[in-house]
Every structure is written in C-alpha cells, then in structure tokens.
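Please walk through the model below one part at a time.

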Amino acid sequence: MTISYDITWDLDPAEPAFRGRTAVRFRGKPPHAQLAATRLRRAQLNGRDVPWDGARIALDADGVLEVDADFAYAEDRGFRKVVVDGATYQYTLQYPDLAQWSFCALDQRARSEITLTVHAPGRVLTSSTDTPIAPYALTAAAGPWVEIAEQVHVTRVRSGERARGEAVSRRIREAIGFFENLLDVPYPYGKCDAVFVPDIPHLAFSSPGLIMFDDAVFDALATLDPLYTTTVLSHEVAHAWSGNLVDAEPWLVEAVATYLSRLAAEELLPGADPWRTPDNAPWPDRPYAPHLARVRAMEDALGRPALLRALTTYFKRYAHTNAGWAEFKACLRE
Ligand SMILES: [Zn+2]
C-alpha cells in the first residue's frame, strides 16, 4: 500500500482544542483509518461523506480521504500545551501508534510521504519530511523557542544556559560524526534539531531530523555524571539510523540504539566504562539491559567488526524502509 499525507495543524493557543486537517492519498485497501478526535468537522472519501465511529473510519475503496477534526490537548499523547513564565509552548507527544490523537492516520508504521503545515505563533520546529517516514514519528514543537546553540532549542526561561546548550550541540555533532564513520552510512536527514520541552512521558523521542528531550535531560547535564548525558544524547542520535532510517521491532530498534550509544560513549568519554551499568545510580536505558545483552551476545559470537559490517549492510540495504529481525539476521549470516 502506498500512502501520502497532507497534514495541517492549526494550533491557536486561545482555543481549548487544536485542529488537524488531513488529506490522505492511498492505493490498496487498508482496513480502516484511525481518528481519536473530540469533534469531527468533515470526513470524506473521494468526495462523499463517510461515517466515523468515534475511533475509526471504515474504508471501502482507495483514493483520497479528507478529514477535518478538532483534537483535545493531553499530557501523554497528541499535542501538549504548556505555559512557562507566561509563554505558551505546544508540542506533539508521539510514540508508535499514537498518531491518531493528532491527525487521521492509516497504517502508522508504513513509510509515507508527508507534507506538513503548522499554523502556530512563535517558532515551529518539525521533523524532516523530505524522505518517507512513519506517521507515528511526525513531530512538531511550536512556541517562542530560543536557539541557544546551533540546532539546540529551549524555552525562554533557559535562554541564559548557553554553555550547556553548546555542550549539547557539540555532543550531538560528535555522535553524528562517530556513527557516520562507524557505520559507513551518512546521517540520513538534512538537519538534526534538538528541543528541550517540559514534561514528556519519556526521557526523549527521536523523530527524523528532530529530537525532543525532556527538560530533565537539560538539568542532568549540570547535575549527573557525563556518562549519563552522553549516553542519553548518543542514544537518541543513534535512533536516526536505528528506528528512523530503518524501522524494526521495538526490541531490536532499542537494542541497536543502546549498543551504538555505548560505543559512542567509549569513544567520546575516554576512560569511562559505558558497559558496566551502575546499580545505584540513575541510568537512562536500564530497561533496555536485556536488549543490549542480546546484541552483546551477537558481538561475542561474531566479533565486533563482523557485527558492525552486518549493521552497515542492514542500514544501507533497507534505508528508508521497515526491516525487522528476519532481515537483520540475514545480514548477520552474510
Ligand atoms: Zn531508544
């Protein structure tokens, strides 16, 4: 099935809801479209009205589906709206299978051409959409963001923290350079923006060309071990390859990103031991320890150079597509 989206978000801070307009062009018959709106203004398939049951729109033909709807702001999905020191910031809370809370989505994991327009006051940061991406990854952040260092954006209250911003910017650039060399696959997007936002459900979310971090990561830069923050930053940068360039089963995506972040920390923090996770210190990727152990077992069996060669083959062969464990296993055997 081929899908392309034309999405417009109207984010008027004075309104209690935000508006999402979607025109989806698709060939092949998907089972249904997902829509978790609070109010439907219009839903038409090929120009005729189609019913919405509160969660789904059944589709009996391919063509063009146009949906215009209002959505509720929320704290864990769709868009979040917060006021910090009198200024309003609005940003997506995306994650696999949450796209329907901000626009009408067909297969959310299917690579799709997306054209995005955002109407909102202030500066608008968005994912890179010049390659096909998974709809669930489409990310935007609107508000009076301050770019405190190259491609590093924060709320106005943090605009004085330039040294910390410079450190983030440098680390991200170093991680990109390290992974490009290690994997022999260029960074896939035209930019790598970072934005630090208040209160998101996860420490960070890495969408193509835009990484959203919780403000807690910015705090951690001043208070926690550099190994912690280097791990967080390089893990999210690694998702540009593992998850964004090639999407797979969640365990594999996290396993590879966690493994790559350890290699980056080894290189970028000479003397640190990123492989030994401290038991009694805060640790960003503790839940992924079993995933990392699987990759370490592959490394033990094959050796690091062979594992890295398999990763290079995997990212080159399946660039901008979805390819899971079966495909990766085949690369390991070559
Ligand atoms: Zn991750």
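Ser 4 has its place in strand β1; helices (H or I, at least four residues) and strands (E, at least two) are DSSP runs, numbered from the N terminus. This is a predicted model, in which local features need pLDDT of at least 70 and side-chain atom pairs count only at pLDDT 80 or more, while totals for chains, interfaces and linings use all residues. Residues are numbered from 1 along each chain as its sequence is written.

Ser 4 is partly exposed, because 15 other C-beta atoms lie within 10 Å. On this scale a residue is buried if 20 or more other C-beta atoms lie within 10 Å of its own, exposed if 12 or fewer, and partly exposed in between, with C-beta atoms placed from the backbone. Ser 4 touches Arg 25, Ser 112 and Glu 113, not counting residues up to four places away in sequence; two residues are in contact if their C-beta atoms, placed from the backbone, lie within 7 Å. Ser 4 and Pro 135 are 131 residues apart in sequence, yet their C-alpha atoms are 9.8 Å apart in space.

In a regular strand the side chains alternate between the two faces of the sheet. Strand β1 (residues 2-10) has a covered face made of Ile 3, Tyr 5, Ile 7 and Trp 9. Its uncovered face holds Thr 2, Ser 4, Asp 6, Thr 8 and Asp 10.

What are the neighbours of this strand? β1 runs antiparallel to strand β2 (residues 17-27), and nine bridges join them; two strands pair if DSSP finds at least two bridges between them. Thr 2 stands opposite Arg 27 in β2, and β1 and β2 form a hairpin with six residues between them. With strand β10 (residues 113-119), β1 pairs in the parallel sense over seven bridges, and there Trp 9 stands opposite Val 118.

These strands belong to an open sheet of six, in the order β5-β4-β7-β2-β1-β10, with mixed pairing. Its edge strands are β5 (48-49) and β10, each of which pairs on one side only. At the β5 end, two bridges join strand β4 (residues 39-45) to β5 in the antiparallel sense, and Leu 45 stands opposite Arg 48.

The chain can also be viewed by domain. The domain assignment of the protein gives domain 1 (2-143) and domain 2 (154-333); such bounds come from an automatic or database domain assignment. The C-alpha centres of the two domains lie 27 Å apart. Their contact takes 26 residues from domain 1 and 25 residues from domain 2. On the side of domain 1 that touches domain 2, β8 (78-84), β9 (87-93) and β11 (123-126) each supply at least two residues, and β9 gives the most, with four residues.

Strand β13 (residues 146-149) pairs with strand β14 (residues 152-154) in the antiparallel sense over three bridges. Val 146 has Val 154 as its bridge partner in β14. β13 and β14 form a hairpin with two residues between them, and Gln 151 in the turn has a positive phi of about 65 degrees.

Which residues have the most contacts inside the largest nonpolar core? They are Ala 141, Phe 179, Val 195, Met 212 and Val 256, in a core of 96 residues. A nonpolar core is a set of buried Ala, Val, Leu, Ile, Met, Phe, Trp, Tyr and Cys residues joined through C-beta atoms within 7 Å. Helix α4 (residues 250-268) gives the most to this core, with 10 residues. Domain 1 (2-143) and domain 2 (154-333) both give residues to the core, so it lies between them. Met 212 touches residues including Tyr 91, Thr 139, Ala 141 and Val 195.

Helix α3 (residues 226-238) is largely enclosed by the rest of the structure, because 11 of its 13 residues are buried. The buried residues of α3 pack against α1 (162-183), β16 (204-207), β17 (210-214), α2 (215-223) and α4. Val 237 is found in α3 and is buried, with 27 other C-beta atoms within 10 Å. Val 237 touches Ile 172, Ala 175, Ile 176 and Phe 179, not counting residues up to four places away in sequence.
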